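Good morning. Please look at the screen, and I will go through one site and one residue beside it in the sequence.

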Amino acid sequence: MTTDLRGLQPQHPTLYQLAPDGESLEFLYAQCPACRKLVFPANVPGCSHCGDPLQGAEKVARPGGGKLLEYVTLHVPLLPGMEVPRIAADILIEDGLVEEGVIAGSDESALHVGMALRAVAVAQPGGETFACRFVPAEGAAR
Ligand SMILES: [Zn+2]
């Protein structure tokens, strides 16, 4: 586990970037010029809150994380090469914004609905990219 994530590229560079601490992720939003709410991902064609076309919308990076809404452990790979078991979750990342995420590890006993999660970078096989995984935020330095 000596991989320096700073040398790796994000698997989805339009969605997140590595935070200055070299471990956490920042999510990339657009701030709607009409209603001032955050929109994710930043490259959507219009504001998901008010429908504004987001012309000239400002891009903002915020610490990645959210609230766990529900989760399920997958035991069958849905895609070739997908690691199982894995825990798929619906996560409220901002007011009105729910995204699907993957929880780090395969232990559901550490999870409960409503808990705070934070997004971290996990190196992917091949050593060139990192992906977004969620871990419990409780006890994490903020
Ligand atoms: Zn809007």
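I begin with a term: a residue is called buried under 20% relative accessible area, exposed over 50%, and partly exposed in between. What you see is a predicted model. Take Cys-50: its relative accessible area is 42%, so Cys-50 is partly exposed. Cys-35 has 27% relative accessibility and therefore also counts as partly exposed.

Both cysteines belong to the zinc site. Which residues are the protein donors of the zinc ion? They are Cys-32, Cys-35, Cys-47 and Cys-50, each through its SG atom, at 2.3 to 2.4 Å from the zinc ion. Along the sequence, these donor residues follow the spacing C-x2-C-x11-C-x2-C. Cys-35 sits in the loop between β3 (25–31) and β4 (38–39), while Cys-50 sits in the loop between β4 and β5 (58–63), so this pair ties together parts that are 15 residues apart in sequence.

Why is the arrangement called tetrahedral? The 4 donor atoms subtend angles of 105 to 115° around the zinc ion, and four donors count as tetrahedral if all angles lie between 85 and 135 degrees.

Now to the other residue, Gln-31. Gln-31 is part of strand β3. Is Gln-31 buried or exposed? Its relative accessibility is 18%, so Gln-31 counts as buried. The Gln-31 side chain reaches the backbone oxygen of Arg-36 at 3.0 Å. Leaving out residues up to four places away in sequence, Gln-31 touches Arg-36, Lys-37, Leu-38, Ala-57, Glu-58 and Val-60.

That is the end of my part.

Technical notes. Residues numbered from 1 in each chain as written. Predicted model: local features only at pLDDT ≥ 70, side-chain atom pairs only at ≥ 80, totals over all residues. Heavy atoms only, no water. Donors = N, O, S within 2.8 Å, 3.2 Å for Na, K, Ca; no water. Tetrahedral: all angles 85-135°; square planar, octahedral: opposite > 155°, others 65-115°. Helix = DSSP H or I, 4+ residues; strand = E, 2+ residues; numbered from the N terminus. Buried < 20%, exposed > 50% of the residue type's maximum accessible area, 1.4 Å probe, protein only. Polar contact = N/O pair within 3.5 Å; in protein donor to acceptor, adjacent residues only side chain to side chain. Contact = heavy atoms within 4.5 Å.
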